[in-house]
There are 2 protein chains.
Amino acid sequence: MLIAVDAVGGDHFPENPVLGAIEACKYNEDIQILLVGPEELIQEELNKHTTVHSRISVLNAPQIINMDEAPATAVKGKRQSSIVVGLSAQKEGLCEAFVSSGNTGALLAASTLILGKLEGVLRPTIAALFPTIKGFRLLIDAGANLELKPEYYFQFASMGTVYAREIMQIAQPTVGLLNVGDEEEKGTELLKESYLVLKKLSNFTGNIEGKDIFKARTDIFLCNGTLGNVLLKFGESIPDTLKVLLKMHFEKEKIPADLQNTIFRIVHETLQPFNYENVGGVPFLGVNGVSMVGHGNSSVTAIKNMILNAAKCIEQNVNDKIVASLN
Amino acid sequence: MLIAVDAVGGDHFPENPVLGAIEACKYNEDIQILLVGPEELIQEELNKHTTVHSRISVLNAPQIINMDEAPATAVKGKRQSSIVVGLSAQKEGLCEAFVSSGNTGALLAASTLILGKLEGVLRPTIAALFPTIKGFRLLIDAGANLELKPEYYFQFASMGTVYAREIMQIAQPTVGLLNVGDEEEKGTELLKESYLVLKKLSNFTGNIEGKDIFKARTDIFLCNGTLGNVLLKFGESIPDTLKVLLKMHFEKEKIPADLQNTIFRIVHETLQPFNYENVGGVPFLGVNGVSMVGHGNSSVTAIKNMILNAAKCIEQNVNDKIVASLN
């Protein structure tokens, strides 16, 4: 199972992608890695590690798409970038998956353009892992599709259900539609129409509200990309906000330094589920291949986990199951 | 200055509204209160308090609109409810404001229907107070208007600016548009068009993202009612979620009971700004009068603060300033 890894994606390259690849190889013996990026840069990083695995090879891609580049222009303009070269390698059958912690917009554009869509899929979507008191759950769409139609919601729910069941090990995932209230007649015309279409799914439990997310009242939270993106970034800001508020409170109340440190440590540990640096990437659902994106800040562990999740997608034939669920 | 108070709104009536009214009278000598609701029920509650103020009178309204009643039906069907009677009294010039911690939807419908709109206002809106590291800021719209137009965003920004400056004492309030990125070209067609219209406002600083809310990158966060409502309810769920996560962590790590209690207490105190029970109500901006709604859980302090804010709206001629800012 050959998985291509973007060696120059994210904020900490090439060290984190290269180390993540080494760790993934150690963990799963069926994995082989193709590191994609400027050959010399990768080789230099590989040379630092004495335990370099024989299952790791390099695919040269001299160009780098930066985190803040406009997606469409970057993908069109940089044909020799790690993203375009890595996804093209998958399209040509050279490897079975591509993972990156690079520019999400460019990855979505390139994945859709190069890999194409799965049979029957109207729009590929980004499904984000959202932390809850029951562990991670799926928020769909996380920013790929800003304007939805009822059929898009329906397909996102179906694709998310397969992913949650096969990769996240949630036995019977339930689906909720984010709305201003949980009664059927709530929301915009689009949300009301979508509710009626979603009712055809046996695992759709109805509308959910903002207060239902952290409780994981359902396993999949459906929303448009604007709402999903704002919620996701807002959620990510909670740990740092809490630290600032604690610090302000400590100063005001003159809390002893020892106790401050203890509280900071315990709150930090408690909020580890919210630490996106450790999350193992999210999938583009609906593309004809396996393409995953990690947070720009991805740690070595996050990249390792993303590679392992991509391997699981291949092993579990997630895409065949998605096509079957839609048709 | 006579302010009508819904004596049967919220989860703790008549005790909290009656006590809140007494406290507000003590705090501001210019305030007189008209308690609106079933006369006997109010009188019975008033009789419990030996220090009942001579500035408090009762307006009989035998019907009660429940928290979960459908707004339009409730307002049409219950003409003798505290909400309809209280707002009608304001319309007739008997009092200058109406405050309630009752059914928000019914209050919005009745306020718009009975008081009407201010000159030039396209749509009244609910502006919610959102906690940030700099204190409360304004989130508009919080659920009253689910489908917006660029001109609505523009008016919400103008009305919010007046409220933030006159009532929240923010000297030069800035306005941001919630979007998936902060570049001008981000978002749906509607958001791009709205950006162009908002640029006419000198205090519009551009798009903001979910991560900018808690930082209070701007003082006013503009969004549609669906996004606002989901964000608000999600934000409200943070303190309880944190308590559950801490509890789980304490059990897992076998943290001593003493330390557990200390941490719970300090985190609880730190999160007081998030405690909606203590927030003093939010205004319906754009209605031709003063109408404020508090959280169903409003404490006595919250209701006192809501009455004091309504008094400030009257004293500062907020509505005249809103009309001037729009025309």
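The contact takes 34 residues from chain A and 34 residues from chain B, where two residues are in contact if their C-beta atoms, placed from the backbone, lie within 7 Å. This is a predicted model, in which local features need pLDDT of at least 70, side-chain atom pairs count only at pLDDT 80 or more, and totals for chains, interfaces and linings use all residues. Residues are numbered from 1 along each chain as its sequence is written, and chains are lettered from A and ligands numbered from 1 in the order in which they are written.

Student: What makes α8(A) stand out on the side of chain A that touches chain B?

Tutor: α8(A) gives the most to that side, with 10 residues. Helices are DSSP runs of H or I with at least four residues, and strands are E runs of at least two, numbered from the N terminus.

Student: Is A:Phe130 buried or exposed, and how do you know?

Tutor: Buried means 20 or more other C-beta atoms within 10 Å of its own, exposed means 12 or fewer, and partly exposed is in between, with C-beta atoms placed from the backbone. A:Phe130 has 23 such atoms, so A:Phe130 is buried.

Student: Where is A:Phe130 placed in chain A?

Tutor: A:Phe130 is in strand β5, residues 125-132.
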